[in-house]
Amino acid sequence: MIIKKVLIGNNSEAFMEERFSSGVNIISSDDNNKGKTIVIQSMMYALGNDPIFPSSFRVKNYYFIVELEISKNELVSICRKGNSFIIIFRGNISIFDNLSEFKYFVNRNLFNIPTILKDGSKKLVDPMLLYQMFFVGQDNKDTSNIFLNGYYKKEDFVNMLYSYNGILTTSRGENEEIRKKIKSIVNEKKVIENNNKILKSAFSAIGIASMANDREKFEAKLSKVEKIKNSIIQLNSKRNNAASRKIKNEITLKELRSLNQTLNAGELHCLDCHSVNVGYSTADSAYTFDISSIEIRNQILTSIEDKINAYKDEIDMISLEINRFQEELKSLLSQDEVSIESLLMYKSDLVKASDADSKLLALDNELKNLHVMLNEHETLSIDADAKKKEMYSIIIEKMNEFYKAVDPQGNMIFNDLFSKRQSVYSGVEETEFYLSKLYALLSVLNHPFPIVMDYFRDGELSSSKERKVLELFGKSKNQVILTVTLKEQELGKYDNHEFINHIDYTPHTPSKLLTTTYVDAFLAELKKFSLSFE
């Protein structure tokens, strides 16, 4: 993936950066506040990242566009305003009202977004977590944690790396549920084999003789039931939201299709103002399209149809998750039940001898299937654990190799992808840590994304270390985009490097990146998205 162009602006002011090469790019200036961070954050924001702009930057006032090459000569343009996105892909326009719609399209069409287990169910990770594989911003750094930690934790980041590398992540709870079913069936067999003499059976339900034991079991079960119930409630809410969005899109689709009826005479026009222009606005009104053109209207129709199909898939996936939790709840509620048979302690021969053989045969077959299933799960789990351990070890090894190549005299030794909370790296050590991490993840995962680091010499990375960093990243096939603030004596140091594309922001006016100079070029770019401003 290669970044080709970044644009920020509106009708009155704008900026465009289109000087990127496919190799190593360094954006430099002689001072801060020349726009380097705005450009980097705008690029990442247009790609779906959470906003991390300087506090003085009014992000809601602007449109953000990024043009990228995802494969040889195949360009994709993405425009973002607020939480709405427009994508031009293979000549078609697709519109998305929120980040969820956007990431599902990206995963299906542009590049792989990993799935992790989160809150007991599988989840397609958000871009803000995925992009931490290759992007380090200037602010909010904490080597002991991920950026913008909140919903996601560092364990989620690690699991995402495993998923991206194709290592299966299984739920430990699934194996536990199978074991519980096996135990339950074994107990049931014992009851039947003992001619249902409950006092001699191994049924845990007989524990009703102990009030304390009964209360403890009941409270434990209640806790599990509550947890599963909350998961089902959350999934139901998520499914209802998806269904609501699907219905809204279906209504919009019906309305737009009604405009697609061609007439032999006359023309489509507004009854209020008699204009022949008809507009379509996104859910948050961030964008308005002129749909008077049949071609644009058909592209928007296709985009909405794709969104409807995506919501259908999401609803189906959520329904499967709900069903899984419902089965788990049903199994939990049926375990250790105090049945009528258990209470009739002095009744014998509760099951006729003629029924016992067929019942035992059925239970044996069920036990056999459960053991096979458990064996397969445990084999996969053991295999996955071994692969995870090996992969993690290689990442840490690569981090240390890179660090030693850059700083042979350094005394840091990395043992983890994150530092200990009580010993967070700072200054040049922080910079070396993040550079080592970016390099190691690129080496092990072999991902297609550009390496992006804002202020890559933070902490006064020495010239000799910098040369080695650029040499090592320059050997990769990935695009590299770095920013740096140069001292006066360093100005022009990147101008004559053979493999460095130097983009100089020194001439920029401090704190005034956006100007009227780029407005025409910016509006021309917006026209490609068939946008009409109200």
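Reader: Which share of the contacts with a separation of 6 or more comes from residues 24 or more positions apart?

Author: A contact means heavy atoms within 4.5 Å. In this predicted model, residues 24 or more positions apart supply 70% of the contacts with a separation of 6 or more. Local features need pLDDT of at least 70, side-chain atom pairs count only at pLDDT 80 or more, and totals for chains, interfaces and linings use all residues. Residues are numbered from 1 along each chain as its sequence is written, and side-chain values use heavy atoms, with hydrogens and water left out.

Reader: In what order do the five strands of the open sheet stand?

Author: Strands of a sheet pair through backbone hydrogen bonds, either parallel or antiparallel. Strands are DSSP runs (E, at least two residues), as are helices (H or I, at least four), numbered from the N terminus; two strands pair if DSSP finds at least two bridges between them. Here the order is β10-β13-β14-β3-β15, with parallel pairing. β10 (135-136) and β15 (500-504) each have a single partner strand, so one side of each lacks a neighbour in the sheet.

Reader: How many bridges join β3 to β14?

Author: Six bridges join β3 (residues 24-29) to β14 (residues 480-485). Serine 29 has threonine 485 in β14 as its bridge partner.

Reader: Which strands does helix α11 touch?

Author: Helix α11 (residues 463-474) packs on the sheet and touches β3, β13, β14 and β15. Its direction makes about 145 degrees with that of β3, where axes are lines fitted to C-alpha atoms, for helices over the stretch in contact, and angles run from 0 to 180 degrees between N-to-C directions.
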